[in-house]
Amino acid sequence: MDAAIFVSIGISLGFTRGVSEDETGEELKLRGIPASRGVCVGKVLILGRQSVETRRRHVEEEGIPAEIERLEQALVETRHQLHDIQERASQALGAKDAKIFDAHLLVLDDPALLDQVVGMIHGEKVSADYAFNTVSSRFADTLASLDDEYLSERVSDLRDVSQRVLNNLRGVKEEGDLANLSEPRIIISHDLAPSTTAVLDTKKVLGFVTEIGGRTSHTAILARSLRLPAVVGLSRVASRLRSGTKVLVDGYGGILVVNPSEKTLEEYGQLKQRQQRVEDRLREIQSLPSVTLDGKSVTVSANVEEVDDAAEVIDSGAEGVGLFRTEYLFLNRETLPNEDEQYEAYREAARRLRPHPVVIRTLDIGGDKLPLHLHLGQDAPEVNPFLGWRAIRFCLEENDIFRTQLRAILRASVERNIRVMYPMVSGVEELNECNERLQKFRQELIAEGHDCDPNLKIGAMIEVPSAVMVADVLARRADFFSIGTNDLIQYTLAADRMNEKVAHLYDPTHPSILRLIKMTVDAGHRNGIGVAVCGEMASDPVMAPLLLGLGVDELSATPPLVPQLKYMVRRMNMSEARELARSSLGCESSGEVLTRCQELAECLAPELFGRG
Ligand code: PEP
Ligand code: MG
C-alpha cells in the first residue's frame, strides 16, 4: 500500500492513551514532522535527558556511607566512560574535536559541585541520585541564567555529564555506550546534541526520532546526510517509550509506529524494497552527467567543511565544491590557524578536486557559528548575534585575520581551480572593500615572488535581503553569486533558523523567498554572471525543479544528497521547471508553492519519495 494512503487511514495523532504505551504491545501510530526520507524497523534506544523523575528517597543514618560509596563509584565509572569516548572520538574525528570532552571531565572534578552533593546526602539524609540531580540541576540553572555566552554554553556539558552520572547511579548501562552499540538501534531522544552525534556509531543507527526540531534542525540535517530515516517534532516521545521497544520509522510520512503489526510491517516492507531499488539506481547515475531531458547541463556541486571531505565529494559525483565553509579550520583550538596552515588546506582541497572548481568562503563566524571562545575582540555578548558582528563584518574589522586568510587563498590559487567568496555581504561598500584588499594582498604576494591566479574569480553570497535589492550593483563587482538560503530565509522572514518556536515561519517556499531568488538570478544574468544556491534548500530534490526554473545555474548540496539531485535533474525538462517557477511566482501562499513543487517532483521521480 502507498505510504500516503496508509497515512490517511486510521492514524492516531499524538498520544491518546496513558503512559508506557509500548508496554501494552498494541500498535500505535504517532505523527511528527518528516525530516529525512526512508523507512526502518528496529529496537529503540532512548537517549539523553529522559524525564525520569528522581524522587526524594530518605536514607537512614547507617545507609549514608553506602550512598557516598555509590556516588564515588558512579563518578569513577563516568570518568572511565568519558576517557573511553574521548579516545574513540579522537580516533574518529581527530584530537581537536575530542577536546570537547575535556569540559565534561572537568565537571566531574568540580569540588564545589561534589561538596554540595555529599553535604546534601549527609545533611538531608537523601539518596545519592536525588542529591546529585538536585545539586547539578541547580548549578545548571545558575549557569544558564548568567549573562555570559561562554558559561551558558557549559550548561549543556554539565547536563550531559549529569545524565551520565545519574545513569550510572541507576545502573542504566545502555545509554552510556553510544560508540559501541551491540545491535543496530533507532535513536529516540529529546534532541540530539552535536557532542552525542560525535561519538555515535552511526553504522549501528537505523534512524532518528526526536521530540523537538524542524526540517532544518541538527538531527534532520545529520539524518539526511547519513541517508537515514528521521522524524522530528514528536513531542514527549522519549519520555513515554522505553529502550528495547520495537518501532517503525516512516521518514516519508513523518510517522512513528510503536509495536508495528505484521500487516503494517508487510506494507512497509514493500516500501523498503522499493527504497533499496532507488539506492541501486542512484548508484548507477552517480557518475553520469547532470543534464536535463531537454539537454540543459546543470552544475551540481557540494558543500564541505574540511579537506578530508574531498573524497566524499568525488564519490558523490559532484562537480567540485560550491561552498567550502572555512570555519571548521578555526574550531576547537586555542590559537588561530596561520597563513601556511590555511594555504596547505586550501591548496590540498584544490589539488584533490581538480579540474573542478573549489569555492572557498572566507570566515563566517558569529551568530550560530563558532562560539567566540577565542574572544576575538568581542567584549560583551551581543543581544542579537545574528544581526551583529558576523561574517564579512567581522573580517573587515579584524584585518589581520582576514589578511591571513586572503593571502592563503591567493597563494593556493596557484592551482587555478580556486574561487573566493564573501559571506553576508549587505551592500556595495563591503564588496568594494573586500575587492580592494584582495587586490592589495595579491600585489604584496607577487612582490614577494608568489604565483597567484590572475583570473581568480570572486563571488558574493546573497543571503541578506538588502544584497538582493542591490544585486545589480553587486553583480558588476563580482564574478558569481551564491544564494545562501539558510540565512536569506531567516533574515527575510525574521525567523531565527535555530529557534524551534518559530520553525513554522522558517519557510523556503514563502512567496517572498521565490521573488528574492528570481530578482537575484535576473540581476546576475543581466550582468553576465552565474548564480548558484548553496543553502539547504539546494539539497532538497523537491526544490530542484523550482530553483532551476527560476534560472539558478548551480546547486551546491551536502555530498550524500548529490545523487538524488542528479537523479531529479536527469528526469526533468527545463520547460516544465520554468512553468513550475512561473506558476509558483503567482502563488499567494507557501503552502500552494510547496504543493506544486511536491506534485511535480513526485511525478518526475516517484521512487525518490517512496512511490512508483
Ligand atoms: C546559507 O546561509 O544558506 C549558507 C549556505 O551559509 P551558512 O549556512 O554557512 O550560514
Ligand atoms: Mg549563511
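## Close-up views of a predicted model

**Figure 1. Helix α11 and its buried residues.** In α11, the buried residues are T264, L265, E267, Y268, L271, R274, Q275, V278, L282 and I285. Helix α11 covers residues 262-285, 24 residues in total, and its first and last C-alpha atoms lie 35 Å apart, close to the 34 Å expected at 1.5 Å a residue.

**Figure 2. Strand β8 and its two antiparallel partners.** Strand β8 is made up of residues 255-258, with I255 and V257 pointing one way, L256 and V258 pointing the other way, and all of them buried. Strand β1, which spans residues 28-31, runs antiparallel to β8 and is joined to it by four bridges, and R31 has I255 of β8 as its bridge partner. Strand β7, which spans residues 246-250, is likewise antiparallel to β8 and joined to it by four bridges, with V247 standing opposite V258. The hairpin of β7 and β8 has four residues between the strands, and in this hairpin G254 takes a positive phi near 75°.

**Figure 3. The largest nonpolar core and a second, separate one.** The largest nonpolar core holds 104 residues, of which Y346, Y422, F481, I517, L546 and L547 touch the most other members. Helix α15, residues 399-412, gives the most to this core, contributing seven residues. Around L547, once its neighbours within four places in sequence are left aside, the contacts are I517, V533, M537, A538, V552 and L555. As a general point, nonpolar side chains in soluble globular proteins tend to be buried together.

**Figure 4. The parallel strands β14, β15 and β16.** Strand β14 (residues 480-483) and strand β15 (residues 530-533) run parallel and are joined by four bridges, and F481 is paired in β15 with V531 as its bridge partner. On β15 there is also a parallel pairing with strand β16 (residues 554-557), made over two bridges, in which V533 stands opposite L555.

**Figure 5. The surroundings of ligand 1.** There are 15 residues around ligand 1, and those that come nearest are R325, E463, G484, N486 and R497. In the side chain of E463, an N or O atom is 2.9 Å from an oxygen atom of the ligand, while a polar side-chain atom of R361 lies 3.0 Å from an oxygen atom of ligand 1. The backbone also takes part in this view, with a polar backbone atom of T485 at 3.1 Å from an oxygen atom of ligand 1.

**Figure 6. Q490 in helix α19.** Q490 has its place in helix α19, which consists of residues 485-493. Because its relative accessibility is 4%, Q490 counts as buried. Beyond its neighbours within four places in sequence, Q490 is in contact with F386, R390, A495, D496, R497 and Y506; among these, R497 is also one of the residues that come nearest to ligand 1.

**Figure 7. R138 in helix α6.** R138 lies in helix α6, which consists of residues 128-145, and it counts as partly exposed because its relative accessibility is 42%.

Methods:
Residues are numbered from 1 along each chain as its sequence is written. Chains are lettered from A and ligands numbered from 1 in the order in which they are written. This is a predicted model: local features need pLDDT of at least 70, side-chain atom pairs count only at pLDDT 80 or more; totals for chains, interfaces and linings use all residues. Side-chain values use heavy atoms; hydrogens and water are left out. Buried means under 20% relative accessible area, exposed over 50%, partly exposed in between (1.4 Å probe, protein chains only). Two strands pair if DSSP finds at least two bridges between them. A nonpolar core is a set of buried Ala, Val, Leu, Ile, Met, Phe, Trp, Tyr and Cys residues joined through side-chain atoms within 4.5 Å. Contact means heavy atoms within 4.5 Å. The expected span of a helix is 1.5 Å times one less than its number of residues. A residue is near a molecule or strand if one of its heavy atoms lies within 4 Å of it. A polar contact is a pair of N or O atoms within 3.5 Å; within protein, one must be able to donate a hydrogen and the other to accept it, and residues adjacent in sequence count only if both atoms are side-chain atoms.
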